[in-house]
Amino acid sequence: MNKIIIENNCIKENIVDSRIEIIEKSSIVSSIKIIFKESTDLKVIYSTSEDTKLNVEYILLENVQVNLYELRNGFKTKVQYKYDIKSNAKLYLYRINKSNAMREVDLIDLNGVNSHIEFNLRTLSNKEEKYDIYVAHNEKYTSSNINNIGIALKGNIIFNVTGEISKGNSGSKLDQNNQIVTFNASKCQINPNLLIDEYDVEAEHNAIIGKFDDQILFYLMSRGIKENDAIKLLCEGLILNKLKESYSKEEILDFIQEYWG
Amino acid sequence: MHTLKIVNLSVSIENKSILKDFNLTIKSGEIHAIMGPNGVGKSTLTKVIMGDKNYKVTSGEILFDDKDISLLNVSERANLGIFLGMQNPLEIDGVTNADFLRTALHSKMGKDFKLMPFIKELNANTDALGMNREMIHRSVNRGFSGGEKKKNEILQMYMLKPSIVMLDEIDSGLDVDALKVVGESVMKYYEKEKPAILLITHYQRLLDYIKPDFVHILIDGKIVMTKDFSLVKLIEEKGYDYFKNNDESETTIVA
């Protein structure tokens with residue numbers, strides 16, 4: 001699999017083939033542009049040892065299908081992602097975050113007919129995290145499926161998720177699923193926004209904030225599992241669900257283990 | 001030899017009284033069946049024994065080997081060897097059966113837990129229950145049929161090896177073939193481990209496979225009659241209304 005390792009705000013190592021082009025620019029805020037010219041898979045590993053700001057741009061050319069796996073770990077990080085997805089291109093993104101604090105902006109442009117994004121974010125919050133995810137359906141028959149799951153047992157999380165389908169872009173589909181597991185619901189927020197200016201579209205959203213169901217905890221504990229271990233097992237389940245086929249399970253479990261300390 | 005003794009237990013939920021001065025003693029090697037109509041407190045009894053915090057114990061004691069377990073939480077009771085096979089086993093997305101059982105056994109055994117013997121035993125028990133091994137790696141009960149969910153409860157029982165087994169309507173939602181597998185599997189476990197078994201059921205059909213030593217009729221939060229297996233026939237003939245209305249039902253008969 002193609003692989004890029006980013007330390008703080010620059011690329012430390014890249015092992016990619018000719019299907020991927022990388023353009024790196026250093027200025028006040030470093031930026032990395034990654035162009036997918038053919039269908040492929042890419043793993044991006046971020047680690048930060050200091051407060052970091054970074055701009056990342058992903059461009060998928062026409063008819064390209066990409067599985068993008070990201071693991072992000074370390075200090076306070078501010079990242080702005082831009083996605084330019086051309087006609088018939090499809091991006092399947094699986095991102096796991098465990099930074100000390102996180103400020104993330106995702107600007108997703110579905111710029112071609114029949115373009116698609118499946119966006120899966122899993123985050124383990126230590127302090128304050130805020131995500132602004134904006135999906136613009138700029139063409140007909142575009143589709144987006146946004147799935148965000150946050151575990152906020154220590155910190156707090158805000159998900160602002162906006163989907164926009166402008167007039168004329170008929171046949172488009174927009175789906176948002178946001179969930180935050182926390183014992184302190186008052187400190188977490190999910191703000192779903194659906195901005196729809198076209199009749200012939202499908203749009204839905206689902207938002208859940210709260211702790212785990214008492215009856216599920218009872219079920220796990222009735223098999224001898226201590227309450228803390230039961231919560232940990234359920235968190236692992238949430239993080240691993242849908243991701244486990246794309247990452248090695250051990251890799252993710254190590255990641256989660258660090259969160260629990 | 002283990003004993004579970006329930007003494008003058010009264011339980012309520014949201015100020016509604018469910019169990020009233022309930023008494024029952026079950027010992028290793030005994031099979032007890034509690035039968036009764038809907039809403040009389042059968043499932044409540046099993047959940048209270050297991051330690052469900054949604055129910056309030058207003059008086060009485062639950063003793064395991066003469067020690068009061070009222071202050072123990074659910075997992076502590078489970079690790080004493082108390083097991084509840086659920087009426088409606090819950091689905092847990094993302095947590096595989098293997099991870100669930102591995103975590104449970106690790107909690108119970110600590111450093112004595114060994115992965116390879118666990119995998120070997122899990123495969124053998126899955127085969128014995130006629131379950132597909134692929135189900136071990138699927139999310140707990142996710143997409144399982146009613147029969148598969150109940151077999152999964154029995155699989156958990158096989159792996160955890162409890163000494164007190166409570167099975168809450170383990171027969172509900174089962175077709176004839178699945179009922180036979182579940183019933184016979186419980187009896188295989190009984191023959192091998194000789195646990196105390198407490199069955200909750202509405203119907204006689206489960207008792208074709210698991211023959212109880214004691215049958216209790218629960219009406220309105222109390223046992224109104226206890227007899228041997230012959231009581232099942234009487235229930236079939238007369239229905240539960242007979243025990244609500246008949247004077248005979250006011251006297252508990254100990255087998």
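**Ground rules.** I am working with a predicted model, in which local features need pLDDT of at least 70, side-chain atom pairs count only at pLDDT 80 or more, and totals for chains, interfaces and linings use all residues. Residues are numbered from 1 along each chain as its sequence is written, and chains are lettered from A and ligands numbered from 1 in the order in which they are written.

**Interface.** I found 20 residues of chain B in contact with 18 residues of chain A; contact means C-beta atoms, placed from the backbone, within 7 Å. On the chain B side, the elements giving two or more residues are α2 (74–80), β7 (92–96), α3 (97–109) and α5 (146–160). I take helices (H or I, at least four residues) and strands (E, at least two) as DSSP runs, numbered from the N terminus. The largest share, 5 residues, is from α3(B). By class I noted 10 nonpolar, 6 polar and 4 charged residues on this side of chain B. Here Ala, Val, Leu, Ile, Met, Phe, Trp, Tyr, Cys and Pro count as nonpolar, Asp, Glu, Lys and Arg as charged, and the others, Gly among them, as polar.

**α3(B) and α5(B).** I looked next at how these two helices pack: the angle is about 30° and the axes are 11 Å apart. Axes are lines fitted to C-alpha atoms, for helices over the stretch in contact, with angles from 0 to 180 degrees between N-to-C directions. From α3(B), B:Asn97, B:Leu101, B:Ala104, B:Leu105 and B:Lys108 meet B:Asn152, B:Gln156, B:Met159 and B:Leu160 of α5(B). I listed 5 nonpolar, 3 polar and 1 charged residues in that contact.

**α5(B) and α6(B).** α5(B) also packs with helix α6 (residues 176–193) of chain B, at about 10° and with axes 10 Å apart. That angle makes α5(B) roughly parallel to α6(B). The residues of α5(B) in this contact include B:Ile154 and B:Met157, and those of α6(B) include B:Val182 and B:Tyr189.

**α1(A) and α2(A).** In chain A, the axes of α1 (residues 214–221) and α2 (residues 227–240) come within 9 Å and cross at roughly 115°. I therefore noted them as roughly perpendicular. Their contact has 7 nonpolar, no polar and 1 charged residues.

**α7(B).** Which residues of helix α7 (residues 230–238) of chain B are buried? I found B:Leu231, B:Val232 and B:Ile235; buried means 20 or more other C-beta atoms within 10 Å of the residue's own, exposed 12 or fewer, partly exposed in between, with C-beta atoms placed from the backbone. The face turned away carries the exposed B:Ser230, B:Lys233, B:Glu236 and B:Glu237. The cover over the buried residues includes β3 (31–35), β11 (214–219) and β12 (222–227) of chain B. B:Gly239 follows α7(B), with a positive phi near 80°.

**B:Leu122.** I located B:Leu122 in helix α4 (residues 115–128) of chain B. Why does B:Leu122 count as buried? It has 20 other C-beta atoms within 10 Å. Leaving out residues up to four places away in sequence, B:Leu122 touches B:Ala98, B:Leu101, B:Ile136 and B:Met159.

How values were computed: Two residues are in contact if their C-beta atoms, placed from the backbone, lie within 7 Å. Angles under 35 degrees count as roughly parallel, over 145 as roughly antiparallel, 65 to 115 as roughly perpendicular and the rest as oblique.
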